[in-house]
Amino acid sequence: MTGGGSMNEMKYRRLGRTGLMVSEIGFGAWGIGKGLWIGADDTESLLALRRAVERGVNFIDTALAYGPGHSERLVGELVREMKVPLYVATKVPPKNLQWPAKRGVPATSVFPAAHIKKSAEESLKNLGLEHIDVLQLHVWRDEFLADTYAGWQEALRELQKSGKVRFVGISVNDHDPSSALGAVTSGLFDTAQVIYNIFDQTPEEMFFPACQKHDVGVIARVPFDEGGLTGTITPDTTFPSGDFRNQYFEGDRKREVWEHTEALKKLLDGEAESLPELALRFCLSHEAVSTVIPGMRRLSSVEANVAVSDGRRLSPEIRAKLKGHAWPRNFYD
């Protein structure tokens, strides 16, 4: 699974205690689910998936809620077709369909045992695979750790014991890594997926050190801030009707994003020639990160993103400058 000619050869990192060697650039499959992201074309999505695998991507992150099920079905089709070792991570949606998990809501309402098992079976059916490499809980609050009535721990262990699930993880609530520190230190989870990008650098403070200490694999999501860090959004940008980015970038947010990215563009030099490259190199420059999972619905995006996995890290100098570009806010609210 390497590129040819002058193309870079994909680099791989250990996904924490799972021991899996996963591609530094993974494939984030939310956008191909044709749910909240409008404009995906199945033929183009499969071409992008196929090209990503040909270029060395071996980690694909999807979820039962993406589509719902549509993203999983496309991913499964690709995995069965390619006949090369690939690792698929998917997610159990919260039963109450509340993203993110709200404080004070018991695990019995979010992840009862029967719901976890049923969701895993549904994902396996969608994927058409015999097992799921990493099954993640799609939301999380450390309050769930003390909630023994829901049976979520037993359900996950049973799925592992049966061979249907190899490893288990969590997807951390948006911009709230402190809400999952207990999960990381509990020893119950093998992986943790968290928002980490130039604007949200908070995982570096406590979350990443905890993951490193407890050998939890880190899956960095939203490296482009839902498109904000691509540098293509201007005050006049429009999105298709029904696309969730109309809410994410509502009001004056497009202008704010544009002002922040215009400032970031002044840092582009020999270390990174474009904002997307800078965004991905930023994520990969932290040793705690096992893989970063940008969405890539087009061949051009695949080629640009996988090229960043060349073993080169950002210098301490530019990383120090990027600290000044952290921008605490939550556009999901």
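Leaving aside residues up to four places away in sequence, Arg-298 touches Glu-44 and Ala-48. Keep in mind as we go that this is a predicted model. Arg-298 sits in the loop that runs between strand S10 (289-292) and helix H11 (299-306). With a relative accessible area of 37%, Arg-298 is partly exposed. Its C-alpha atom is separated by 17 Å from that of Val-222, a residue 76 positions away along the chain.

Let us step back to the chain as a whole. The secondary structure comes to 12 helices and 10 strands. The radius of gyration is 19 Å, close to the 20 Å that the globule rule gives for 333 residues, so the chain is as compact as a globular protein of that length. Along its principal axes, the C-alpha trace spans about 55 × 45 × 45 Å. Of the 333 residues, 56% count as buried. Among contacts with a separation of 6 or more, 77% come from residues 24 or more positions apart.

Now to the helices. Two packed helices are described by the angle between their axes and the distance between the axes. Take helix H1 (residues 42-54) and helix H2 (residues 70-82): they pack at an angle of about 45°, and their axes are 10 Å apart. That makes H1 oblique to H2. The crossing of H1 past H2 is right-handed. On the H1 side the contact is made by Asp-42, Ser-45, Leu-46, Leu-49, Arg-50, Val-53 and Glu-54, which meet His-70, Leu-74, Val-75, Glu-77, Leu-78, Glu-81 and Met-82 of H2. Sorted by class, this contact has 7 nonpolar, 2 polar and 5 charged residues.

A second pair is helix H4 (residues 113-127) with helix H5 (residues 152-161), whose axes come within 8 Å and cross at roughly 30°. An angle under 35 degrees counts as roughly parallel, and H4 and H5 are therefore roughly parallel to each other. H4 also passes H5 in a right-handed crossing. Here Ala-113, Ile-116, Lys-117 and Ala-120 of H4 meet Trp-152, Ala-155, Leu-156, Glu-158 and Leu-159 of H5. By class, the contact between H4 and H5 has 7 nonpolar, no polar and 2 charged residues.

The loops deserve a visit too. Between strand S9 (217-221) and helix H8 (245-248) you will find Phe-224. Phe-224 counts as buried, at 12% relative accessibility. Not counting residues up to four places away in sequence, Phe-224 touches Leu-229, Thr-230, Pro-276, Ala-279, Leu-280, Pro-294 and Asn-305.

Some backbone details remain. Most residues other than glycine have a negative phi, and most peptide bonds are trans. Glu-226, also in the loop between S9 and H8, has a positive phi of about 55° although it is not a glycine. At 9% relative accessibility, Glu-226 counts as buried. Asp-215 has a positive phi as well, near 55°, and lies in the loop between helix H7 (207-213) and S9. Asp-215 counts as partly exposed, at 27% relative accessibility.

Finally, look at two prolines. The peptide bond from Gly-67 to Pro-68 is cis, with omega near -15°, and Pro-68 is placed in the loop between strand S4 (59-61) and H2. The bond from Trp-99 to Pro-100 is cis too, with omega near -10°. Pro-100 belongs to the loop between strand S5 (87-92) and helix H3 (107-110).

Terms used
Residues numbered from 1 in each chain as written. Predicted model: local features only at pLDDT ≥ 70, side-chain atom pairs only at ≥ 80, totals over all residues. Heavy atoms only, no water. Axes fitted to C-alpha atoms, helices over the stretch in contact; angles between N-to-C directions. Helix = DSSP H or I, 4+ residues; strand = E, 2+ residues; numbered from the N terminus. Parallel < 35°, antiparallel > 145°, perpendicular 65-115°, else oblique. Left-handed = near helix turned anticlockwise from the far one by under 90°. Contact = heavy atoms within 4.5 Å. Nonpolar A, V, L, I, M, F, W, Y, C, P; charged D, E, K, R; others polar. Rg over C-alpha atoms; globule rule 2.2 N^0.38 Å. Buried < 20%, exposed > 50% of the residue type's maximum accessible area, 1.4 Å probe, protein only.
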